[in-house]
Amino acid sequence: MKDLLSLTYDELLDFVTDELCEKRFRADQIFTWLHKRRVKDFSGMTDLSKALRERLSKVALLNYPVIIKKLSSKLDGTVKYLFSMADGERIEAVLMRYNTGLSVCLSSEAGCPMGCAFCASAINGKSRDLTAGEVLSELYMIEDDCGERVSHAVLMGTGEPLDNYDNVISFLRIVTDERGQDMSGRNITLSTCGIVPNIKRLSDEGLPITLALSLHSPIQEEREKIMPIARVYPLPDVIDACRYYFEKTGRRVTMEYSLIKGVNDRDEDIKALSVLLKDFPCHINLIPVNPVKEAVFKAPERQEVIAFQKKVEKYGINVTIRRELGRDIEGSCGQLRNAKA
């Protein structure tokens, strides 16, 4: 069975013309039904012949999840979704409200193989990759549920996007296709722990998205303690790959920095940051670490976070403190998925 939501337009065109032996305009019709009108059953594609709809139902499928839990924050309007996929895997996504519009945080894998010590996503490891259509369906289900259009997306949910490279690239091509969702690539951010070869591959894809590196420590030895992937890809190689991304795309890289009290908030960390990022046009996004009951890490007090920001800025590095959303609804990646139903 062909998973139609996972097909880029060109792949759908090949499927329609080569496998179904239909005229190419049928691919346009089907793509519109999938990505603009959002039908969840082939019977709803009313400008297709009944025979073609019946044929599609026998050779293709539309994999949509089911919302099994939804938590709404009383603090900021953030909504956390827990989806059940066709095989029973549970996937999280988050809807966030900003002055610039609605943004969704999407998962790219069921679980995560990276093992970062401060992140709930890694607690039970990775079960499997998500298909391009499954990632896309998170967005579509949220839009259907809230009744509003989402303008921004971040691949910062459960999973390492560049560990699921081909499916994530297909998702990006589908979601930015002007014949469908038509989301601006400039409104999409992909976060990675630093898989060097795939950062370079992404650089050459011609996608105008923002790359965010989960940095979390500017000191190699310390980064290895909290991020096992650092043992495979050392910091100099990761930063070189990020520089390559900037050179190829002209897009400034964001450095995600989860601030952990007593671990990466010291003066020596600030000095190391100034050396590591010297003359690199990037931006640091400070994130006070989310409280995770399975981890011992704690966030610094608010005034300590602000003090850290100001010290880093003295070195000419642009730093912002990320707005904290959904703390009252287990907003951290993996927390809802790992909770007992």
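This is a predicted model: local features need pLDDT of at least 70, side-chain atom pairs count only at pLDDT 80 or more; totals for chains, interfaces and linings use all residues.
Ten strands line up in an open arrangement, in the order 3-4-5-6-9-10-11-12-13-14, and their pairing is mixed. Strand 3 (66-72) and strand 14 (318-321) sit at the edges, each pairing on one side only. Going from one strand to the next, the twist averages 20°.

Within this sheet, strand 10 (residues 188-192) and strand 11 (residues 210-214) run parallel to each other and are joined over four bridges. Leucine 190 is part of this pairing, with leucine 211 as its bridge partner in strand 11. Strand 10 also has a helix lying across it: helix 5 (residues 165-175), which covers strand 6 (101-106) and strand 9 (152-155) as well. The angle between helix 5 and strand 10 is about 170°.

Now for the arginine. Despite being buried, arginine 251 has no salt bridge. The nearest side chain of opposite charge belongs to glutamate 256, and that is 12 Å away, whereas a salt bridge calls for a distance within 4 Å. What arginine 251 does have is a polar contact, side chain to side chain, with threonine 210 at 2.8 Å. Setting aside neighbours within four places in sequence, the residues in contact with arginine 251 are Arg186, Pro208, Ile209, Thr210, Tyr245 and Phe246.

Definitions and conventions: Residues are numbered from 1 along each chain as its sequence is written. Side-chain values use heavy atoms; hydrogens and water are left out. Buried means under 20% relative accessible area, exposed over 50%, partly exposed in between (1.4 Å probe, protein chains only). Lys and Arg count as positive and Asp and Glu as negative; His and the chain ends are not counted. A polar contact is a pair of N or O atoms within 3.5 Å; within protein, one must be able to donate a hydrogen and the other to accept it, and residues adjacent in sequence count only if both atoms are side-chain atoms. Contact means heavy atoms within 4.5 Å. Two strands pair if DSSP finds at least two bridges between them. Helices (H or I, at least four residues) and strands (E, at least two) are DSSP runs, numbered from the N terminus. Axes are lines fitted to C-alpha atoms, for helices over the stretch in contact, and angles run from 0 to 180 degrees between N-to-C directions.
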